[in-house]
Amino acid sequence: MPDFHLSALIWEKTEKMPALTLPGWQPSCFLSLVAFGLTLYSKLAPNSRVPMIEDTSEVGSEYDFVIIGGGSAGAVLANRLSETREATVLVLEAGGQESDLSRIPLLAPSLQNTDLDWQYRTEPSDEHHRYCLAMTNNSCKWPRGKVLGGSSVLNFMLYVRGNKNDYDLWEQMGNPGWGYEEVLKYFLKSENNSNAELTRTPYHASGGLLSVQDIPWTSPLVETFLEAGEHLGYRTGDINGETQEGFVIPQGTIRDGSRFSTARAFVVPARIRPNLDISMRSHVTKIGFEGGESSKASSVSFTKNGREYTVRAKREVILSAGSVSSPQILMLSGIGPKDHLESLGIEVVKDLPVGLNLQDHLSVGTLTFRADENVTITPSVAFTPEALMEYLAAGSGPLTSLGACEGLAFVSTKYAGKWPDIELHLVPSSMYVTDTKPIGNRMYNLRTELYNGTEFEKLSGYLFTIYPLLLRPKSRGQIRLRSSDPFAHPIIEPNYLVERVDADVLVDGMKIALRLMETPPFRKLNARPLAIPFPGCEDHELFSSEYLECCIRHFTVTFYHPTSTCSMGKVVDHRLKVIGVEGLRVVDASVMPTVVSGNTNAPTIMIAEKGADMIKEDCKGYC
């Protein structure tokens, strides 16, 4: 059975949450029903509630290791480093604990724009950098987890490792020990896969701390998706195994149909260890250094409950705040591009290209299709008392759908090298459908005038979407400080589509998605793309290359995979130590030299597992 602890915040947030929106569904009505169901469940099965993680009220003056960030990587480090009883460990997390609603997979989109989310925005694009043009102020939303468990609490729970060639490339770029054969053992170390067929292969394992399971429920549409892929000559099978290319129903980081964040997987089992302290709602402002030419990270300053604290790190400071906050904290502490830091009056400790090399998986939200049969996720299927009771009683039913992402495919465009360059995400619903206002507006910052008085405002029926992801972008963005104020959000400039080839590859990926509709399986449903020109692209022939590129530049979608802002070989060495300083590492997705060809949560957990072993190796004899 799924397990929950309850909070009155469920009721308070009901009206504010931008929940997954489908025809005829009023979010406040269903979320109130969920709250009632969770309350009833907790009374009937109190022993199955997830233990609360105690917030350390009195932080000590010094620890062997101070971990900045308790997210997808920091939670892993908290567990693995505190396994050594002689080592004292402190985790500083800016957010609190995950909410009860975050446990329900289908409600994943509801978590954006809440207090679990940093609620970042990209800088407005201009005539030279044309992307996010359909968004208010030409600015895209960039959700990032501000919560213990980080973005593993906000994401769609997909367990995808990327391609083995990604890791071999890292090693070839001068990072020994990061080839596929070496990193595979760290994927396996975490994994507790419940699929016995997969665990009989050399690519999967059981017994780890991270629960990985098949999705308990999918819509009928996903079988059509798989059959269409086979019709085009693709295999169906394990995309984390020997071969990545193909179509699959993905696995997720779930247990009994409930989200299994890194907080639940790694922090809960370690929470009672006397050598581990976890301080939540602790906003780190600066890393302190001591020493002469060879500076050593010696302390971390943070604020909590309106008070300022400084704690000493005897062995190491480990920065695991993610691809946005890790470079921000480094630069605030004097490690970053010299000219940029000096322009803000920040004393330079080490001149390094921090914040540069930003990479992200780009997608587009306009590939919506209509079917004649009810094969999608509709309110009559998902948002009913019966569906809620099935979920609470057995951890099954439509509420276990992974944020409504049900099918994945890895395919190669004509621009691909030896491994796929496009990932297709099948979502059996649409961003266009409205209740009080479009979910596209609330989830992606789309301007309301794109809907008001247009054909999109009147859409109904059985709609579904395919999102093509550009897996290996050539464009590079950057993270910069807005000011020396540690509470100001940094400047995020993704520079999407600056390199012409990125648009070409993504257009070709959209054409592959459109070709799926021409296969017999989708023809049986009379599936066809919406023939409504997207606003701003009306001057182009519908579904031409020019039209598709216009759609990309307007309805620009991040798939929440920013990486590489503290990359190996540039900011950190292959052992994740910050170059030129002592006692400081970065262990999170920001160290990837290049973004992996797949979703980034599982690789981030792998990086933390490997990073923890490196730290323990270097600490031998001292802790």
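User: Why are H5 and H17 called roughly perpendicular to each other?

Analyst: This is a predicted model, and in it H5 (residues 180-190) and helix H17 (residues 601-619) pack at an angle of about 100°, with their axes 9 Å apart. Angles of 65 to 115 degrees count as roughly perpendicular, and H5 and H17 are therefore given that description. Among the residues making the contact are Val183, Tyr186 and Phe187 of H5, together with Ile605, Met606 and Glu609 of H17. The residues of this contact divide into seven nonpolar, one polar and five charged.

User: What makes helix H8 mostly covered?

Analyst: A residue is called buried when its relative accessible area is under 20%, and eight of the nine residues of H8 (residues 262-270) are buried, including Arg264, Phe266 and Val268. The cover over these buried residues includes H5, H17 and strand E6, and also helix H3 (74-82).

User: How do you know that strand E6 and E8 pair, and in which sense?

Analyst: Pairing requires at least two bridges between the strands, and E6 (residues 210-214) and E8 have two bridges, in the antiparallel sense. Asp214 stands opposite Gln251 in E8.

User: Why do E5 and E8 stand at the edges of the sheet?

Analyst: The three strands form an open sheet in the order E5-E6-E8, with mixed pairing. Strand E5 (191-193) and strand E8 (251-252) each have a single partner strand, so one side of each is left without a neighbour in the sheet. Helix H5 lies across E5 and E6, running at about 60° to E5.

Technical notes
Residues numbered from 1 in each chain as written. Predicted model: local features only at pLDDT ≥ 70, side-chain atom pairs only at ≥ 80, totals over all residues. Heavy atoms only, no water. Helix = DSSP H or I, 4+ residues; strand = E, 2+ residues; numbered from the N terminus. Contact = heavy atoms within 4.5 Å. Axes fitted to C-alpha atoms, helices over the stretch in contact; angles between N-to-C directions. Parallel < 35°, antiparallel > 145°, perpendicular 65-115°, else oblique. Nonpolar A, V, L, I, M, F, W, Y, C, P; charged D, E, K, R; others polar. Buried < 20%, exposed > 50% of the residue type's maximum accessible area, 1.4 Å probe, protein only.
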